[in-house]
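Q: Please take a close look at one part of this protein with me, going residue by residue where that helps. I'd also like to know how that part sits within the rest of the chain.

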Amino acid sequence: MLIRRGTRLDGAVLDVRVGAQISQVGKDLTPLPGEEVYDLAGGTVIPGLHDHHVHLRSAAAAETSLPVGPPQVRDRDALAGALATAQPGDDGWIRAIGYHDSVAGPLDRTTLDALAPAVPVRIQHRSGVLWILNSAGLARVGLADHPDGRLRSADSDWSGALERRDLGLADVGRRLSSYGVTGITDATPDLDVGDIVQLTELHRHGELRQRLHFLSPGKRILHDDNLDLDELAHWIAERHRCGGPVAIHCVTAAQLLVTIAALQQAGAHPRDRIEHAADTPSDCLDDLVDLGVTVVTQPNFVAERGDQYLAEIPAGEHHQLWRVASLLLAGVPVALSTDMPFGHADPWAAMRAAVHRITASGAVLGADECIPERRALMMFLGWPEHPTRVRTVEPGQPGDLCLLTAPPEAALAELDADLVAATIIGGEIVYAAG
Ligand SMILES: [Zn+2]
């Protein structure tokens with residue numbers, strides 16, 4: 001197809017011919033016989049956005065799950081009420097998500113038995129790494145004798161016993177298309193080959209149009225209560241020996257310190273990644289630069305959870321949270337992402353959060369970490385395997401584009417998903433506004 005009068009981020013107003021790849025870019029290209037023409041009338045043409053860290057299955061499941069954390073559920077009574085009125089799914093489970101300890105403290109099977117009806121219930125902690133099951137749920141997965149019902153997400157012993165709900169990824173894909181997202185990196189650590197094949201088939205059959213990239217099996221989640229430096233270094237070295245990079249989930253400062261030490265011990269691969277880096281002490285910056293490891297982070301959590309951080313985390317540590325500008329200034333490669341569904345899936349909201357760092361109540365968290373609008377946008381335009389290498393609108397680049405109604409300066413001033421006029425994947429329009 002031919003896109004007429006698109007303005008690139010460099011200000012050039014050009015026509016773009018696009019199929020599987022961009023084949024031609026120039027002034028006043030003549031439409032070929034029968035070629036579809038889209039007149040952008042000076043609006044912006046950029047490469048399609050790539051969200052570098054999402055969880056597809058969880059995103060689909062979230063569509064049919066009960067939210068049991070702030071802002072929908074804020075206290076114990078509200079939690080009990082939500083569980084009492086919830087309808088179990090076809091698989092018999094009440095599946096609840098987004099739990100935070102501020103609602104009713106740390107949950108275990110006993111507290112859940114007292115709160116919830118006697119059908120199988122599983123509640124996912126907001127962090128995504130922990131599930132709490134009630135006794136009926138534990139019996140269902142063959143763990144009736146489990147001491148507290150607190151199970152880790154990445155542990156396939158129990159999750160393998162769950163029937164997979166219908167994926168229902170079409171809705172997720174449509175929503176992403178409306179944001180101009182043409183590719184996603186699934187960061188789920190426990191995907192097996194079967195999962196990857198299934199998701200790839202959905203893409204092939206067009207149910208999910210976005211291009212897919214997977215971090216599994218090189219993705220690891222760490223837990224503060226058993227950080228084993230030597231084991232982690234060994235695992236990293238083993239992955240590198242097989243030719244693959246690693247992606248390590250670092251939410252706390254302790255996890256980041258151990259990961260840095262393990263990478264120093266094992267040696268770094270040029271495509272190694274640290275996911276989140278939610279809490280980065282200043283003295284880690286030089287080490288990250290030396291390792292050359294890419295940080296894939298989510299400033300949207302500043303907007304989504306900032307008020308909670310301000311209330312719960314000592315003021316002296318606020319500057320360490322969800323850093324972006326100081327990482328870039330030090331020379332750390334950084335890309336952005338949303339962590340959908342744990343973070344909101346709109347990458348434009350994540351960009352605005354990176355630019356303004358304003359919380360829901362209007363406070364600013366980490367003003368020194370704000371980055372310019374253009375930079376924030378570019379950090380969603382990387383290649384799946386090289387998140388900080390930015391794609392461009394030039395011949396030979398992938399035929400995945402995001403078209404915006406406004407020219408670059410106006411679009412950058414707003415950074416809003418409402419600006420997306422159309423989304424193109426492989427030369428085909430997969431979303432058109434209105
Ligand atoms: Zn994640």
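A: Let's start with a term: a strand here is a DSSP run of E with at least two residues, a helix is a DSSP run of H or I with at least four, and both are numbered from the N terminus. Please keep in mind throughout that this is a predicted model.

Is His 276 buried or exposed? The cut-off for buried is under 20% relative accessible area, and His 276 has 2%, so it counts as buried.

You'll find Asp 339 in the loop between strand 18 and helix 14. With a relative accessibility of 6%, Asp 339 is buried. Its backbone deserves a look too: phi of Asp 339 is positive, at about 65°, although the residue is not a glycine. Pro 341 lies in that loop as well, between strand 18 (334–336) and helix 14 (347–356). The peptide bond leading from Met 340 into Pro 341 is cis, with omega near 5°.

Pro 71 sits in the loop that links strand 7 (66–67) to helix 2 (76–85). As for positive phi, Leu 415 is another residue other than glycine that has it, with a value near 45°. Leu 415 is in the loop between helix 16 (408–414) and strand 20 (420–425). At 2% relative accessible area, Leu 415 counts as buried.

Ile 260 is part of helix 10, and its relative accessible area of 3% makes it buried. Setting aside residues up to four places away in sequence, Ile 260 touches Cys 284, Asp 287, Leu 288 and Leu 291.

Helix 10 has a helical partner. The axes of helix 9 (residues 229–241) and helix 10 (residues 253–266) come within 8 Å and cross at roughly 50°. The two helices are therefore oblique to each other, and helix 9 passes helix 10 in a right-handed crossing. On the helix 9 side, the contact is made by Leu 229, Asp 230, Leu 232, Ala 233, Ile 236 and Ala 237. Helix 10 contributes Val 258, Thr 259, Ala 261, Ala 262, Leu 263, Gln 265 and Ala 266. Sorted by class, the contact has 10 nonpolar, two polar and one charged residues.

Ala 41 is in the loop between strand 4 (37–39) and strand 5 (45–47), and at 52% relative accessibility it counts as exposed. Apart from neighbours within four places in sequence, Ala 41 is in contact with Arg 4 and Arg 5. The C-alpha atom of Ala 41 is 9.1 Å from that of Pro 407, although 366 residues separate them along the chain. Pro 117, in the loop between helix 4 (109–115) and strand 9 (121–125), is partly exposed at 29%. Beyond residues up to four places away in sequence, Pro 117 touches Leu 83, Ala 84, Ile 94 and Asn 134.

Finally, the wider setting. The protein chain has 16 helices and 21 strands. Its radius of gyration is 22 Å, close to the 22 Å that the globule rule gives for 434 residues, so the chain is as compact as a globular protein of that length. Of those 434 residues, 54% count as buried. Among contacts with a separation of 6 or more, 72% link residues 24 or more positions apart.

Note on methods: Residues numbered from 1 in each chain as written. Predicted model: local features only at pLDDT ≥ 70, side-chain atom pairs only at ≥ 80, totals over all residues. Heavy atoms only, no water. Axes fitted to C-alpha atoms, helices over the stretch in contact; angles between N-to-C directions. Parallel < 35°, antiparallel > 145°, perpendicular 65-115°, else oblique. Left-handed = near helix turned anticlockwise from the far one by under 90°. Contact = heavy atoms within 4.5 Å. Nonpolar A, V, L, I, M, F, W, Y, C, P; charged D, E, K, R; others polar. Rg over C-alpha atoms; globule rule 2.2 N^0.38 Å. Buried < 20%, exposed > 50% of the residue type's maximum accessible area, 1.4 Å probe, protein only.
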